[in-house]
Amino acid sequence: MPIHEKSLIRKENLVENESLVIDGVDVSGHWSTFITGRSLTDYNDDMQDEIAALPGGENIHRCWQCGSCTNACTVNAVNPEFNPRYWIYLIRLGMEEELLRDKDIIWQCVSCNKCTYACPRDVVPEGVMKATAHWLELKGHTPKSPSTEFDEEFSGQVIKTGKIEESRVIMNFFRRTEQPLAQPWLVALIKGLAFRFPVFYLMRMGMAVVRRPRTRNWAKSRRAINEYVQEVEAANRAAVGAKGGH
Amino acid sequence: MDGSNDLKKVAYYPGCALEGTGHAYNRSTKAVGKSLGLELVELENWNCCGAMEVKNVDPKIQTYLSARNLSIAEDMGFDKVMAPCNGCYHNLKKAEYDLANDPKSVEVNERISAKAGHDAYKPGKVETIHALDWIKKAVGEEELAKRVQNSLKGIKVANYYGCMYTRPRHIFPEKDKGPGTESTAKPHFMDDILAAAGAENVEFPLKTACCGGAHSLSDSDMSTKLVLNIIETAEACGAEVIATECPTCHTGLEMHQVRAEKVLGRKTNVKILYFTQLLGMALGLSASKVGVQENLSDSRAFLKEKGLG
C-alpha cells in the first residue's frame with residue numbers, strides 16, 4: 001500500500017523497490033514503498049531510574065502521555081522538535097538511541113513552567129527536562145550546555161559571596177563560552193546608555209568593580225553549601241554510574 | 001492576607017537584580033511607597049534567593065538561600081516580606097511551600113542552617129508578598145484613584161506579568177480563591193492598579209507568556225524570538241507601553257527589543273516601563289524620581305509628549 005504521509009517517517013526507515021510484482025500486480029517504484037520492519041532490542045533499562053534519581057526527575061513515572069506539556073510548551077511553539085511528551089515516552093521505554101537524536105536541544109527548556117501548570121499528573125515536566133539535560137551531560141553524551149555554564153558561573157558567585165553582581169556574571173559567562181563580549185547588540189545597548197548618562201554609568205560600573213556586593217559573615221554558609229554541593233554531585237554521579245567529576 | 005494596617009510597614013527584600021540592572025524598579029518602588037505613606041524596612045544582610053540558576057545545581061540550595069532571608073524577616077519581627085522581583089517572590093514562596101510539604105527539603109535546610117550557625121526557618125512564620133499585593137492590599141484602587149495627580153489617561157498599556165508570578169500554581173495557595181484574589185490564568189492586580197491611575201489597559205493575551213529570561217544570554221536567539229512575539233503582540237493589541245513587574249522580564253524585553261532590531265531587522269516602538277514608574281508619575285513624581293533615565297528603553301520623549309514626568 002502506498003504511504004501517503006511519507007513526511008512523517010524518517011527517510012532511512014522507508015524502502016522502495018525499483019521493480020516488484022506482487023500477486024501479478026506490478027508495484028514497482030513508489031507503489032511499493034514500505035516502512036522497514038524493526039525490532040528493538042537495545043533498550044536501556046536503567047535510563048528512567050537514572051533520570052528519576054537526578055533533581056527534578058523524581059515524578060517521571062507518573063506520566064500518562066496526555067501531551068498537555070508539549071501543548072503548553074513555550075519552546076515547542078518556536079521549535080516543534082522540542083517535545084517533552086515524546087522524550088518522557090522514550091525515557092520511560094528506555095529508547096536511548098531515539099532520545100539521543102534530540103540531545104542538543106533538550107537543554108533549551110526555558111523553565112517557564114507552563115508544562116507544570118498544565119500537567120494533570122504532577123510530573124513536573126520542567127524538572128524532568130532539567131534532569132534529562134543533566135543526565136546527558138553526566139553520561140558524556142553532550143558537552144556542558146551554555147545554560148549549564150551560566151548556571152555554574154552564577155551559582156558559584158552566589159555560594160562564594162552570598163550575592164551576585166550581574167556585570168561580573170555576564171563577563172565571566174562570555175569568557176567561559178568563548179564568545180566575544182562585544183556583541184553588536186550589547187555594544188548598541190551600552191552605547192545608548194553611556195551616551196545618555198556618561199558620568200552616572202561610568203560611576204556605577206566603577207563602583208561595582210571596586211565594591212563587590214556581598215553578604216556579611218557568609219563564610220560558614222559558604223562552607224556548609226559547598227559541603228552539600230559535593231555531596232549531591234557525588235550522589236548524582238553515583239546515580240548515573242558515572243566516574244569522576246567534570 | 002489580613003487587614004491593610006499590617007501592610008503599611010513590611011520587610012523589604014530587593015534582591016540582587018534591583019541593585020543592578022533593575023535599579024529603576026528599586027528606586028520607583030521605594031518612591032511609590034513613600035508617596036503612599038507606606039514603610040519598607042530592608043532585610044538586614046540579605047543574600048541572593050538563588051534566582052533561576054541555583055536550582056539547576058540543586059533545588060535544595062535554593063531552598064536554603066531563600067529560607068535564610070525568611071529567617072531574617074522573622075528575626076526582625078516581621079510576618080510579611082515584600083519582594084518586587086518575580087524571581088525572589090517565587091523562590092521565597094517555593095521555599096515556604098517545600099519546607100511545609102517536603103521532609104527532605106526540611107532536613108537539608110536544617111543541616112545547612114546549623115552548619116552556617118543560625119536557626120533554620122520554620123514554615124508559617126513569614127508570608128511573602130509581591131509589590132502588586134502590597135500596593136493593592138495596603139492602599140487599594142479607591143484610595144489610589146484619589147491620590148492621582150497626573151492621570152495616565154489616554155496611555156494604552158499592555159500589562160505583562162511573566163512566568164514566575166503565577167507558576168507553578170501550587171506555591172501560591174492564596175491565588176485563584178475567587179473575587180478579590182489574584183488569578184493564575186489571567187492575573188489582573190497590575191491592570192487594577194494602573195486602571196486606578198487612569199491608564200487604558202488593552203486586552204493582551206500574552207500576560208503570562210515567557211520572555212525566555214532564564215536563557216537570555218545562554219540561548220539569545222530563542223529569547224529574542226519570544227520577546228519579539230510578546231512585543232509585536234502588544235503593539236498589535238494597540239499598546240504604547242508594556243508595564244512590567246519583574247526586573248528579569250523588564251531587562252529581557254528591553255535587551256531583546258534592541259537585539260531583534262540589530263539581528264533580525266525587526267524594529268518595534270512600544271515603550272517598556274515598570275508599573276511602579278507609571279504609578280509613581282501618576283502620583284505626581286518626576287520621571288527622574290522613578291528612575292526613567294535608568295531604563296535601557298528610552299521613553300523620555302514619549303512621556304513628555306503624554307505630559308508625564
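Biologist: Let's start with the domains. How far apart do the C-alpha centres of domain 1 and domain 2 of chain A lie?

Modeller: Those two centres are 35 Å apart. Keep in mind that this is a predicted model. The domain assignment of chain A places domain 1 at residues 6-35, domain 2 at 47-138 and domain 3 at 146-223.

Biologist: Thanks! On to the rings: how many aromatic pairs does the structure hold?

Modeller: Over all chains there are eleven aromatic pairs. To read one, look at the angle between the ring planes: under 30 degrees counts as stacked, over 60 as edge-to-face. Take B:Tyr13 and B:Trp46: their planes stand at 85° with ring centres 5.5 Å apart, so this pair is edge-to-face.

Biologist: Which parts of chain B does that pair tie together?

Modeller: B:Tyr13 belongs to the loop between β1 (9-12) and α1 (23-35), and B:Trp46 to the loop between β2 (39-42) and α2 (54-57), so the pair links parts of chain B that are 33 residues apart in sequence. Both B:Tyr13 and B:Trp46 are buried.

Biologist: And B:Tyr89 with B:Phe172: is that pair stacked or edge-to-face?

Modeller: Stacked: the planes of B:Tyr89 and B:Phe172 are 20° apart, and the centre-to-centre distance is 5.5 Å. B:Tyr89 sits in helix α4 (residues 86-101) of chain B while B:Phe172 is in the loop between β5 (156-160) and α8 (189-196), so the pair joins parts 83 residues apart in sequence. B:Tyr89 and B:Phe172 are buried as well. For a group of rings, turn to chain A, where A:Phe150, A:Phe154, A:Phe173 and A:Phe174 form one aromatic cluster.

Biologist: Which charged residue lies over the face of B:Phe172?

Modeller: B:Lys175 does, at 4.0 Å from the ring centre. In chain A, the charged end of A:Arg121 sits over the ring of A:Trp64, 4.1 Å from its centre.

Biologist: How many residues of α4(B) are buried?

Modeller: Twelve of the 16, so α4(B) is largely enclosed by the rest of the structure. Among the buried ones are B:Cys88, B:Tyr89, B:Leu92, B:Lys93 and B:Asp98. Their cover in chain B includes helices α3 (59-75), α5 (103-116), α6 (131-138) and α10 (247-264), along with strands β3 (80-83) and β4 (127-130).

Biologist: Now single residues. Is A:Thr116 buried or exposed?

Modeller: Compare its relative accessible area with the cut-off: under 20% means buried. A:Thr116 has 12%, so this residue is buried. Its place is in helix α6 (residues 114-118) of chain A, and its side chain makes a polar contact with the side chain of A:Asn113 at 2.5 Å. Setting aside neighbours within four places in sequence, A:Thr116 is in contact with A:Val124, A:Pro125, A:Glu126 and, from chain B, B:Pro168.

Technical notes
Residues are numbered from 1 along each chain as its sequence is written. Chains are lettered from A and ligands numbered from 1 in the order in which they are written. This is a predicted model: local features need pLDDT of at least 70, side-chain atom pairs count only at pLDDT 80 or more; totals for chains, interfaces and linings use all residues. Side-chain values use heavy atoms; hydrogens and water are left out. Domain bounds come from an automatic or database domain assignment. Rings of Phe, Tyr and Trp (its six-membered ring) pair if their centres lie within 6.5 Å; planes under 30 degrees apart count as stacked, over 60 as edge-to-face and the rest as tilted. Helices (H or I, at least four residues) and strands (E, at least two) are DSSP runs, numbered from the N terminus. Buried means under 20% relative accessible area, exposed over 50%, partly exposed in between (1.4 Å probe, protein chains only). A charge sits over a ring if NZ of Lys or CZ of Arg is within 6 Å of the ring centre and within 35 degrees of the ring normal. A polar contact is a pair of N or O atoms within 3.5 Å; within protein, one must be able to donate a hydrogen and the other to accept it, and residues adjacent in sequence count only if both atoms are side-chain atoms. Contact means heavy atoms within 4.5 Å.
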